[in-house]
Amino acid sequence: QAFAGFLSSGWLVALLVVGLAVYLPALWGVFVFDDYPWILNNHGLEVSSFDFWQRRPVTLLTFAANLELAGPNPAGFHVVNIALHLANGLLVYIVVGRTVPRATTTPALAALGAAIFLLHPAQAGAVSYISGRATSLMTFWLLIGQLAAMRGLEKPARRWTAISLCALVLAVGSKETALVYPAMWIAWLVLAKGLPLARSLRRATPHLVVSAVLFIGMILHPGYRTLLAEAAASGRLAVTPVGEVEQRLGMGFCFNDNKPREDSCTARRVESIAGLTRFLVAPWTISIDPG
């Protein structure tokens, strides 16, 4: 009953209504950038003969379903993206509510945490960019997995671990960066639950094992091997002393459209991460036209 009241809180209703109003204009968006190779020109998206050996098969399966139900209409894709993001906002609300100490202010604190996630300008790409669904879908499965893992702490049972691990597999099938989830789970155990690091590592062992197996599988996957081969080839285009050092250390993998690379791959990545971090903490610096 307490949980039902938590879900029916006016804070949550207001949050979802505002979220819907904010992202509704995305319905008028069009296909851009990776939408063409991933969706419109991808012949492996036929539902009847879907190729599960493609990279990000879970995300691509949702694209195939969109095409099957509504055809190549971008509005249909945007409806799914918006609904998925709102669902993630609801899941974040539940995760925060089950993490903060129980009090009468819990719904308000949970709504605040979910609002930061739901309405932050950095999320616009994951919602309004159709191919950005990979990020939202990955987040959806990771949040499901997190809630199952948290439930497993309260009422130990193998089924909760199984659900969490299955969600992790689906998250990695949505977007590869989900492989970092075990580190997030360990951090939550240490920081939110106050468990010792050694005990947290033991608790996260199943997730670490599954992530390792998935990583090995990705290395053996033809699609990822092709991607790595392309990266390795582009890395050999270094024409500067720094680039040559990076190449010898195996750190020269960055794409440059087959042109000589006159900068540092490492510096380029650091600059990208710094830019994304700046958007996270100072969203008013985001440019709507980075080009």
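This is a predicted model: local features need pLDDT of at least 70, side-chain atom pairs count only at pLDDT 80 or more; totals for chains, interfaces and linings use all residues.
Residues are numbered from 1 along each chain as its sequence is written, and side-chain values use heavy atoms, with hydrogens and water left out.

**Exercise 1**

Find out which residue Arg56 forms a salt bridge with, and whether the two are buried or exposed.

*Solution.* 
- Start with the rule: a salt bridge is a side-chain nitrogen of Lys or Arg within 4 Å of a carboxyl oxygen of Asp or Glu.
- Arg56 pairs up with Glu176, and their closest N and O atoms are 3.0 Å apart.
- This pair links distant parts of the chain, 120 residues apart: Arg56 sits in the loop between α3 (35–40) and α4 (57–70), Glu176 in the loop between α9 (158–174) and α10 (181–191). (Helices are DSSP runs of H or I, at least four residues, numbered from the N terminus.)
- Both Arg56 and Glu176 are buried. (Buried means under 20% relative accessible area, exposed over 50%, partly exposed in between, with a 1.4 Å probe and protein chains only.)

**Exercise 2**

Work out where Leu220 lies, and why Leu220 counts as exposed.

*Solution.* 
- Look in helix α12 (residues 205–220): that's where Leu220 lies.
- Leu220 counts as exposed because its relative accessibility is 57%.
- Leu220 also belongs to a nonpolar surface patch, together with Phe215, Ile216 and Ile219. (Patch residues have over 30% relative accessible area and no salt bridge; nonpolar side chains are joined within 5 Å, like charges within 9 Å.)

Technical notes:
Accessible areas come from the Shrake-Rupley method with a 1.4 Å probe; for residues, only the protein chains shown count as cover. Helices (H or I, at least four residues) and strands (E, at least two) are DSSP runs, numbered from the N terminus.
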